[in-house]
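Have the coordinates open as you read.

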Amino acid sequence: MANCIPLVFLSVLCLSITAKTHVQSSLYRDYKTKHGKFKSNQNQSLLVTLTKSHFLEDALECSFHCIGDSKCLSYNIAKSPDSNGIYICEVLATDKYRAKDRLQANSSFHHFSPMSPCESSPCQNSGTCIPDYEENSYSCSCPSHVTGQHCETHYKTKYGKFKSNQNQSLLVTIARSHFLKDDLDCSSSCIGDTKCLSYNIAKSPDSNGIYICEVLATDMYRAKDRLRANSSFHHFSPMSPCESSPCQNNGTCIPDYLGNSYSCTCMSYFNGTYCETPKPCNFDFENGIGGWIRSGTAFNNQPTYGDNPTARLRESANQQGNWWIGTFENRPSIDTPAGRVQDDAPQGYLTSPSFKINGKSVDFLVGGGCDINIVRVELVVGIQVVKTVTGTCSETMNRMTWDIEQFISQIAHVRLVDAGSSAWHHINFDDLKGDISSTLHKHLSATVIATILTKDEFLCSFKCITKNECFSYNLATYPDNGFYICELLDTDKYRARKELKVNSSFHHFSPVSLCESSPCQNDGTCIPDFEQNSHQCDCKAGFAGVHCEACKFDFEDGIMGWIKTGTAFDNQPTFGDNPTARNRGQPSNHQGDWWIGGSEDRPTIGTPAGQVQGDGPQGTLVTPSFIIIGHLISFLIGGGCDINVVRAELIVDNQVVKQSTGRCIETLTQGTWHVQEFLGKRAFVKLIDISSGAWGHINFDDLKGNISCGQV
């Protein structure tokens, strides 16, 4: 039996070695099945927080410690043992794929992460590969400027090109500058920079042929007030729905390039998806009289805290909350002893901030004196006093309501008047609220046809009415030495809406018009007809309809917003009747000056007529999306006649629902699609050219009909 002992020991020893060197243990088989082998990174370590450290006599045992630890995803192992023959084993809670920037050279260690498809670095554009060891698969976590399964799609290629702003630059902090021999490289520099959202490029090279490229960390939508004229530069921001200025009331449009969408950041006075809803006013004095304007001394100790009349043994004030206006009272702070008064002697005015009238009524609490000639509350619409009321010679305030429906959409303010110093010559007031909303003092920057200094605010309106060339006016918010500045203007806020800016020193007045409701969609301009109380909409290029609600893709302003792939449409749109210029005997029959001619090569007015690119290039061209709002869509189509390789497609819910092709003739003819079954659906049109043979091109123009690019 003694002779058997060494043999048994040797067998156990051999089994142990086999388990470690040929990885046949059940523990490792399970791990291998789930995760595959470890991948060695020689002379490197992953510099992340350690889950735990082990001190081992055998370096191979480090992998078993990782396998047996549910938190372990990789490990570092000392390259050599220390003087006592011990290896340091560092167990880590992440791996080299997730923490790729933390894998560093280290001559004392080797790093081991499990084998994974991430080993091939499938995630592009600085994307992070997240391994799924159990499924032997992965997913890509992409930086904000790219998307796609492998982070392969940059917002430029997915959502269209940069928008050029000629002879302008965005005056913001420069993230970095590049000096380039080719100005087109500036867009590539921006696309490759995760911090870049737009760029300025020198209009011309310097004496050494070098262009200055300024990479910027914001864009013209977020920093809209910083886009300035600059004859030496052009500015480029990516195309975005923000281009149509959807955010109202001076809100800021924040583009989401990856989602091809946006959100609006509203000024404090407005809310809503498009900042379209004014916030309701509620003047209750619980936060002082901020924004109200005092004159004289009657209101110097206001607002009043608590029921001061009761404290001096008079009628209850019946105030709302803790604070109110009581011009007989003198308790301007919580700490002021109750019962103090300033009596009826002081006189003055207190004027509310301006507000917009939105509905039928406004109400408030009023008390104090009862002589309306001396003490009163006034509603001032524009510059005219249209309502007045006074108290009942009692300190108790009662609720009063004014019918203001006839003044809907007009700008107004409330003025408290205390013009006497005798008995009951004081006013009590509180809790102004109702169908009113905050507004901003504004000034219209337009041609001033006359400037008038007047002590009477009404005179400004009268002067505009009597001048045929006056369409609106700016009036100073407050007088200067008793005189108001009045600017008579040659246009109104509807025609020059982008020039109406916040300005605390002025109010702007334009005549009431149906344009007040902003009926023109897609950044169309509302042109009022004041005599007929009507309007018409001047639509931007690409839109049509009574309210600019319909899309019209006629290429007269290029293919801005369309998305290209391949090269077939690189030289589009085409100018003029190029087929006739090359003696085809088949006039293009296009609408306007510009159209899509897949075989043509005349992309500018200055390009010689008759040039062609032929049928070789292939690609696609996709419209911006639109909403189907009726029964018909029409277009002009020509070129090749094999619908399998050249065609126009209507795509609804990611399904091709209609398609058309040409007749193997350059001449464009009318095409029509009946689309009533898709009412209310979002759709787009896709032009396809996947042929390089004879008649391997498509001609297209004037897409229009019952389609809307507005918000539905």
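Aspartate 284 is buried but makes no salt bridge: lysine 433, the nearest side chain of opposite charge, sits 8.6 Å away. Keep in mind that this is a predicted model.

**Around aspartate 284**
- You'll find aspartate 284 in the loop that runs between strand 23 (280-283) and strand 24 (286-289).
- If you skip neighbours within four places in sequence, aspartate 284 is in contact with Gln320, Trp323, Asp430 and Asp431.

- Tyrosine 262 belongs to strand 20 (residues 261-265), while tyrosine 274 is in the loop between strand 21 (270-271) and strand 22 (277-278), so the pair ties together parts twelve residues apart in sequence.
- Tyrosine 274 has a relative accessible area of 22%, so it counts as partly exposed.

**Aromatic pairs: the phenylalanines**
- For phenylalanine 285 and phenylalanine 429, the ring centres are 6.4 Å apart with planes at 75°, so the pair is edge-to-face.
- Phenylalanine 285 lies in the loop between strand 23 and strand 24, and phenylalanine 429 in strand 34 (residues 427-438), so this pair ties together parts 144 residues apart in sequence.
- Both phenylalanine 285 and phenylalanine 429 are buried.
- Ring pairs also link Phe285 and Phe429 into a cluster with Phe283, Trp292, Phe355, Phe364 and Trp402.

Conventions: Residues numbered from 1 in each chain as written. Predicted model: local features only at pLDDT ≥ 70, side-chain atom pairs only at ≥ 80, totals over all residues. Heavy atoms only, no water. Helix = DSSP H or I, 4+ residues; strand = E, 2+ residues; numbered from the N terminus. Buried < 20%, exposed > 50% of the residue type's maximum accessible area, 1.4 Å probe, protein only. Lys, Arg positive; Asp, Glu negative; His and termini not counted. Salt bridge = Lys/Arg side-chain N within 4 Å of Asp/Glu carboxyl O. Contact = heavy atoms within 4.5 Å. Phe/Tyr/Trp six-rings, centres within 6.5 Å; stacked < 30°, edge-to-face > 60°.
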